[in-house]
Each structure stands twice: as C-alpha cells, then as structure tokens.
Amino acid sequence: MKKTWTIIIAVVAIILIWGISNYNKFVNAQENMTNAWGQVENVYQRRADLIPNLVAVVKEYSEFEQGTLVAVTEARAKATSTTLVADEMTEAQLQDFENIQDELTNTLGRLTARIEDYPDLKANEQYLTLQAQLKGCENRILTERQRFNETVQDYNRRVRQFPSSIIASLFGFEKRPYFEASENADQAPHI
C-alpha cells in the first residue's frame, strides 16, 4: 500500500512539474512576443516623430501644396493614436493597425514624389538627413515586424503542439495573429 502511494505521489509530482514547466514556457513566449511588439511600436513611433520635422523642413524650403502636408499630418495623427496590446490583439485589430500604417506610408510616398519638383529642397542637408532617417525607419519597421512574426510563430507553435496544448487550453493561452502583407502589397503605390 505504501509503495502504491509513493508511485501515485511520484506521478502527481511529475505531472505537476511538467505543468509548471510548460506554463512557464508559455509565459516566456508571451513575454518575448510582447517585447517584440514593443519594438514594432517603437520603430513606428520613431517614424511618427520624424514626420513633423520633415514637414517643417519642406514648408520652410518651398511653397508646397498645403493639401499634401495636411494629409501627412493627419495620417501621422491617426497612426500614433492607434495602439494594440500584443497578447490581446485580434486578427481584425492587427489588420486595422496595419491599414492605418499603410495609409501613412502611402502619404509619405506622395510627399516624396511631390518633392521631386523642388530641386533646392532635394539638395538641402536637413531634408536629406530626414529622408535618410525615414528610409532607415522603414527598414527597421520591416525588421521588427519580421522579429515579431518569429516570436508569434514560436508562441503559436507552443499553443498548438501536443501535449503543451493542454496547458494552453487550461490557462487561456490562444493563438495570436501575424503581420501579413496588405491586400495591395503586390501593386506599386499610386503617387
């Protein structure tokens, strides 16, 4: 009888240790995903912070079409007012966020195209520096989105793999959405 209880206690202990270990792996994966999302937001914010400087330089060096500058400012305001929480976001929320960011990217593209008519501005050192910084931001955005997708992949794999899927369902860990290419990503933007 004592041997039976020892075996039962050992089995319960093993299951308990396995459960705690898997739960902690989910917490770590979730924290990695939250950190990666924070980096995505960080680079989007950096881009948003550069835009007022770009608009100011463009205004200073040209009699620029006011509508384009207003559109950039409005798109920036919309982009900076939208926030998501990594471990609570849904597919629809991520898609809305991405659509808003795409709108800002397209508006910046229109601004850059209009600047082509202003050779003095294109040669201005301040403008060239800001343009290089914005280009760097766009590259960082792509990199951080890729890193975010990698952490989401790791997290989602844990949620779906057996036997860790048991712990996931017991504690409410659910699959999270990836960044995906927007609907018209295969088409060049209209400027």
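I took contact to mean heavy atoms within 4.5 Å. Residues are numbered from 1 along each chain as its sequence is written. The model is predicted, so local features need pLDDT of at least 70, side-chain atom pairs count only at pLDDT 80 or more, and totals for chains, interfaces and linings use all residues, while side-chain values use heavy atoms, with hydrogens and water left out.

Entry one: Gln 30. I found Gln 30 in helix H1 (residues 2–61); helices are DSSP runs of H or I with at least four residues, numbered from the N terminus. Leaving aside residues up to four places away in sequence, Gln 30 touches Asp 87, Tyr 155 and Phe 173. Is Gln 30 buried or exposed? Gln 30 is buried, at a relative accessible area of 16%; buried means under 20%, exposed over 50%, partly exposed in between (1.4 Å probe, protein chains only).

Entry two: aromatic rings. My search of the whole structure gave seven aromatic pairs; rings of Phe, Tyr and Trp (its six-membered ring) pair if their centres lie within 6.5 Å, with planes under 30 degrees apart stacked, over 60 edge-to-face and the rest tilted. Phe 26 and Tyr 155 are edge-to-face, 6.5 Å centre to centre with 80° between the planes. Phe 26 sits in helix H1 and Tyr 155 in helix H5, so this pair ties together parts 129 residues apart in sequence. Tyr 155 is buried at 0% relative accessibility. I also noted Phe 26 stacked with Phe 173, at 4.8 Å and 10°. Phe 173 is in the segment after H6, 147 residues from Phe 26.

Conventions: Helices (H or I, at least four residues) and strands (E, at least two) are DSSP runs, numbered from the N terminus.
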